[in-house]
Amino acid sequence: MRALNAPNPAIRFFVVELGGLAAAAYWGWEATSGPGRWYLAVAAPVAFIAVWGLFIAPKARVQVSKQVALAIELTLLTLVALGLASAGPLWLGIAYGLVALVSGVLNFALED
């Protein structure tokens, strides 16, 4: 089972975290038009960073149980996947959501 966790940190960082930031910014840009799109394209990834840094990151500011952190993570990433699916190709949102789900559950199950 530990062999499954070997690539997970890289997938979590590059696909889940950085992909989540990019997807949030993309959704913010596509969700509206005019000057508001600039604000939303910046505010969405900032909100992602705030939630991730407060509750999910390894050195999170607010210490919560593993179960609560997983619930927050899956909720956040589901919102990002739904935003990506609504703003871009549906398959991309589904693929991101599946990768994020598997990575989050693996991280939860194999974390010390």
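**Ground rules.** The model is predicted: local features need pLDDT of at least 70, side-chain atom pairs count only at pLDDT 80 or more, and totals for chains, interfaces and linings use all residues. Residues are numbered from 1 along each chain as its sequence is written, and side-chain values use heavy atoms, without hydrogens or water.

**Entry 1: the patch.** I looked up the nonpolar surface patch. Ile11, Phe13, Phe14, Val15, Leu18 and Val99 make it, and it covers about 480 Å². Patch residues have over 30% relative accessible area and no salt bridge, and nonpolar side chains (Val, Leu, Ile, Met, Phe, Trp, Tyr) are joined within 5 Å. A salt bridge is a side-chain nitrogen of Lys or Arg within 4 Å of a carboxyl oxygen of Asp or Glu. Areas come from the Shrake-Rupley method with a 1.4 Å probe.

**Entry 2: helix α2.** Helix α2 (residues 8–31) gives the patch its largest share, five residues. Helices are DSSP runs (H or I, at least four residues), numbered from the N terminus. I checked Phe14, which sits in α2. Phe14 counts as exposed because its relative accessibility is 56%; exposed means over 50%, buried under 20%. The buried residues of α2 include Arg12, Val16 and Ala23.

**Entry 3: Glu73.** Which helix holds Glu73? Glu73 lies in α4 (residues 66–87). Glu73 counts as buried because its relative accessibility is 4%. Its side chain joins that of Arg12 through a polar contact of 2.8 Å. Such a contact is a pair of N or O atoms within 3.5 Å, one able to donate a hydrogen and the other to accept it.

Notes
Patches are made of residues with over 30% relative accessible area and no salt bridge: like charges are joined within 9 Å, nonpolar side chains (Val, Leu, Ile, Met, Phe, Trp, Tyr) within 5 Å. Helices (H or I, at least four residues) and strands (E, at least two) are DSSP runs, numbered from the N terminus. Buried means under 20% relative accessible area, exposed over 50%, partly exposed in between (1.4 Å probe, protein chains only).
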